[in-house]
Amino acid sequence: MNNQAVRQSSFTLVALFVLLAATIALAYVDLGHLHTPVAMVISVAKAVLIYLVFMNLRHEKGLVLLAAGAGFFWLLIMVSLTLGDYLTRHT
Amino acid sequence: MSEYVAHQFEDLEQQRESTTLGMWIFLATEVLVFGGMFLAYIVYRIQFPAGFAQGSNETLIWAGSINTAILLISSFLVAIAVHFAPAGSRNLVPLLLGGAAVLGVAFLGIKAYEYTHEIHEGLFPGKHFHFPGTPEPGVEMFFVLYFTMTALHAVHVIIGIGLLAALALRYRLSRDPVRLAPSVDLTGLYWHFVDIVWVFLFPLFYLIARHHS
């Protein structure tokens, strides 16, 4: 039973390992200022895969999705307001 | 095969949705716990880019990379366990959960080796902090955040190992393991979240400036 679910999870694990290899390899390439943004895009891609497949968010409905997103929404407010201060001081 | 609906719920689906929602609300608070620390990291890194680059190159990249792989595999095992838990397999499910817990212990072992190495090198912040060569400003702050954030993450790993091991045992010994399927589900969500936190810690602490090393 559940063979399809096992297959999906296996593919996801392979994809996660490819992303891990990519982030380590790219760390040794000089990307200038794009270094951390690229690493973060890869981390977000990994997190999205884990959220959607391993944590089954792709099968959840409204209220659970709202709760799952709420933490990140609050985090966004906290980070953007703080940086709005630190990046505009010009001292 | 039997599943149970507690008396406060209308049906199985409502029960499942309620327990899942509760776990996601808890995880939203966890995002903020770690989020506050990530914010501190961002603010200090903007202030001390050179110190952070220098500090990052002192971390053990092989250890961080292996540990990332370990957590990804253990998350995979738990995801498979979640799929099979409603079928009541007393052999397979405890094996998967136990395997994930063992990988968690391996993660902590490697982390402990790293801490020992770093403390031995004098990289633990405080009176005895000693950085080889000419330290850039902020390099000590890098290690303050490194030790605080990885230690808070390690505490979560320890809790996760306890939950996984206890659940593996209960599932194995239960007369009616199907009843534990929701617990497998929720413990799985927690373990995946701990994995996701590490997915962000790894590049931010180990990979900042490898191209300069």
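In the predicted model, B:Ser74 has a relative accessibility of 0% and is therefore counted as buried, the limit for that class being under 20%. The residue belongs to helix 3 of chain B, which spans residues 61-84. When residues up to four places away in sequence are set aside, the contacts of B:Ser74 are with B:Ala100, B:Leu103 and B:Trp191.

A second residue of chain B, B:Met141, is placed in helix 5 of that chain. Its relative accessible area is 22%, so B:Met141 is classed as partly exposed. Along the chain, B:Met141 and B:Pro125 are 16 residues apart, and their C-alpha atoms are separated by 7.6 Å.

In chain A, A:Leu19 is found in helix 1. With residues up to four places away in sequence again left out, A:Leu19 touches A:Ile42, A:Ala45, A:Lys46 and A:Leu49. Between A:Leu19 and A:Leu52 there are 33 residues of separation in sequence and 16 Å in space, taken from C-alpha to C-alpha.

The interface between the two chains was examined next. On one side, 45 residues of chain A are in contact with 46 residues of chain B. Together the chains bury about 4100 Å², and 80% of this area is on carbon and sulfur atoms. Within chain A, the residues that lose the most area to chain B are A:Tyr28, A:Phe54 and A:Met55, which together account for 14% of what that side buries.

Two salt bridges are counted between chain A and chain B. A salt bridge links A:Lys61 to B:Glu17, with the closest N and O atoms 4.0 Å apart. On the side of chain A that touches chain B, the elements giving two or more residues are helix 1 (3-27), helix 2 (35-54) and helix 3 (62-86) of chain A. Helix 3 of chain A provides the largest share of this side, namely 13 residues. By residue class, the side of chain A that touches chain B is made up of 32 nonpolar, nine polar and four charged residues.

Aromatic pairs were then considered. A pair of aromatic rings is described by the distance of the centres and the angle of the planes. Over all chains, a search of the whole structure finds 21 aromatic pairs. In one of them, the ring centres of A:Tyr51 and A:Phe72 are 5.9 Å apart and the planes stand at 75 degrees, so the pair is edge-to-face. Because A:Tyr51 lies in helix 2 of chain A and A:Phe72 in helix 3 of chain A, the pair ties together parts that are 21 residues apart in sequence. A:Tyr51 counts as buried at 10% relative accessibility, whereas A:Phe72, at 36%, counts as partly exposed.

Another pair is formed in chain B by B:Phe52 and B:Phe142. The centres of the B:Phe52 and B:Phe142 rings are 5.4 Å apart and their planes are at 85 degrees, so this pair is edge-to-face. Since B:Phe52 lies in helix 2 (residues 49-56) of chain B and B:Phe142 in helix 5 (residues 139-173) of chain B, the pair ties together parts that are 90 residues apart in sequence. Both B:Phe52 and B:Phe142 are buried.

How values were computed. Residues numbered from 1 in each chain as written. Chains lettered and ligands numbered in written order. Predicted model: local features only at pLDDT ≥ 70, side-chain atom pairs only at ≥ 80, totals over all residues. Heavy atoms only, no water. Helix = DSSP H or I, 4+ residues; strand = E, 2+ residues; numbered from the N terminus. Buried < 20%, exposed > 50% of the residue type's maximum accessible area, 1.4 Å probe, protein only. Contact = heavy atoms within 4.5 Å. Buried area = accessible area lost by both parts, 1.4 Å probe. Salt bridge = Lys/Arg side-chain N within 4 Å of Asp/Glu carboxyl O. Nonpolar A, V, L, I, M, F, W, Y, C, P; charged D, E, K, R; others polar. Phe/Tyr/Trp six-rings, centres within 6.5 Å; stacked < 30°, edge-to-face > 60°.
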